[in-house]
Amino acid sequence: VSSKKLFNTVIVPYGKRSRINLSDNSTVWLNSGSKLVYPVCFDDNKREVFLDGEALFEVTPDQARPFHVLTSNMKVKVLGTVFDVCAYSDDNVINTVLERGSVELIYKSHLFFGSASQRMIPGMLASYNPESRILEQKNVNTKNYTSWKDGYLLMEKKSLESIVKKLSRYYNVDIQIEHQDLANETFSGYL
């Protein structure tokens, strides 16, 4: 028997979305321009995946084997829950939104050397800036961050710049804002 662990890598191109069922019956929805690396079969003592991009996770509860989502700058520890992680390498912040359950965020802190952690409760958005190493949480309408899974975008008071970035990824088109003074204007809507 080979001791070498086998991994799958799923890369979803811009303009597409994908759904993956993991070996523990957890489900992952990958958004446009995302990459997920995960083992063919999880170990007996841990479940760990790597994400570059955005994914919505519906994790099968397993008290004996916590589920970890690793990004380049943060780790999300889960026991069983529904949450979204947005960690595109070209974004300034990593956003985690919790719909149900509980997660713990482990990140490099600005307060001391090493890492810090914060727990989240449902309905919260945690934004982590890897440069400043500051993590902030606030109450949000989670559908504004997870609606992409169901094929639409719901936005409340979002800057035109952030809307254009989402639409560019979602439809795999390059959208330019001709007048930069419009980039900070906010809009709300359902697309």
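**A tour from the surface to the core**

Start by selecting Tyr-171, Val-173 and Ile-175, which together form a nonpolar patch on the surface with about 270 Å² of accessible area. (A patch takes residues with over 30% relative accessible area and no salt bridge, joining nonpolar side chains, meaning Val, Leu, Ile, Met, Phe, Trp or Tyr, within 5 Å and like charges within 9 Å; a salt bridge puts a side-chain nitrogen of Lys or Arg within 4 Å of a carboxyl oxygen of Asp or Glu; areas use the Shrake-Rupley method with a 1.4 Å probe, and for residues only the protein chains shown count as cover.)

This is a predicted model, where local features need pLDDT of at least 70, side-chain atom pairs count only at pLDDT 80 or more, and totals for chains, interfaces and linings use all residues. Residues are numbered from 1 along each chain as its sequence is written, and side-chain values use heavy atoms, leaving out hydrogens and water.

Next, colour helix α2, residues 160–171, where Tyr-171 sits. (Helices, H or I of at least four residues, and strands, E of at least two, are DSSP runs numbered from the N terminus.)

Now go inside. The largest nonpolar core has 33 residues, and Leu-30, Leu-36 and Phe-57 are among those touching the most other members. Strand β5 (residues 47–58) gives the largest share of this core, four residues. (A core joins buried Ala, Val, Leu, Ile, Met, Phe, Trp, Tyr and Cys through side-chain atoms within 4.5 Å; buried means under 20% relative accessible area, with a 1.4 Å probe and protein chains only.)

A second, separate core of nine residues includes Trp-29 and Tyr-170.

Finally, zoom out: the protein has two helices and 15 strands, and buried residues make up 42% of its 191 residues.

Notes: Buried means under 20% relative accessible area, exposed over 50%, partly exposed in between (1.4 Å probe, protein chains only).
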